[in-house]
Amino acid sequence: QVQLVESGGGLVQAGGSLRLSCAASGSIFAINAMGWYCQAPGKQRELVAAITSGGSTNYADSVEGRFTISRDNAKNTVYLQMNSLKPEDTAVYYCNANIIRTGSLYPYSYWGQGTQVTVSS
């Protein structure tokens, strides 16, 4: 089994910062891309930021320059540093990882349980 466990969400005032973490555990052979998605009420889940196993990153236009994604491959963990937060960043944030399980040939997409981020004005 593979699990993604997120932490770090919460309530913050506009202009503040939060750091999200997501740790993958279980029978993991390799982790390819990892990323963060967000879903606001009444909206579809959308990509916030992603990072490859080699460290290449991409960001949604709305967070470029404010958020930074990083990963620690030794700990199977991905982070999202969120600075200059805005009320419109309020959403549930989900971790995603493309993981090859031990004994498997193919990757599979796994999701965390989600963590709430609320930015007050």
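Four strands form an open sheet in the order 1-3-8-7, with antiparallel pairing. Strands here are DSSP runs of E with at least two residues, numbered from the N terminus. Two strands pair if DSSP finds at least two bridges between them. Strand 1 (2–7) and strand 7 (67–72) are the edge strands, and each pairs on one side only. Neighbouring strands of this sheet are turned by 15 degrees against each other on average, direction ignored. The axes behind that angle are lines fitted to C-alpha atoms.

This is a predicted model: local features need pLDDT of at least 70, side-chain atom pairs count only at pLDDT 80 or more, and totals for chains, interfaces and linings use all residues. Residues are numbered from 1 along each chain as its sequence is written, and side-chain values use heavy atoms, without hydrogens and water.

Strand 3 and strand 8 run antiparallel and are joined by 6 bridges. Ser21 has Tyr79 in strand 8 as its bridge partner.

| Strand | Residues |
|---|---|
| Strand 3 | 18–26 |
| Strand 8 | 77–82 |

The largest nonpolar core holds 32 residues. Such a core is a set of buried (under 20% relative accessible area, 1.4 Å probe, protein chains only) Ala, Val, Leu, Ile, Met, Phe, Trp, Tyr and Cys residues joined through side-chain atoms within 4.5 Å. Trp36, Val48, Leu80, Met82, Tyr93 and Ile99 touch the most other members. Elements that give two or more residues to this core include strand 4 (28–39), strand 5 (46–51) and strand 9 (91–101).

Asn58 lies in strand 6 (residues 57–59). Asn58 counts as partly exposed because its relative accessibility is 38%, between the 20% and 50% limits. Asn58 touches Leu47, Val48, Ala49 and Ala50, not counting residues up to four places away in sequence. Contact means heavy atoms within 4.5 Å.

How values were computed. Axes are lines fitted to C-alpha atoms, for helices over the stretch in contact, and angles run from 0 to 180 degrees between N-to-C directions.
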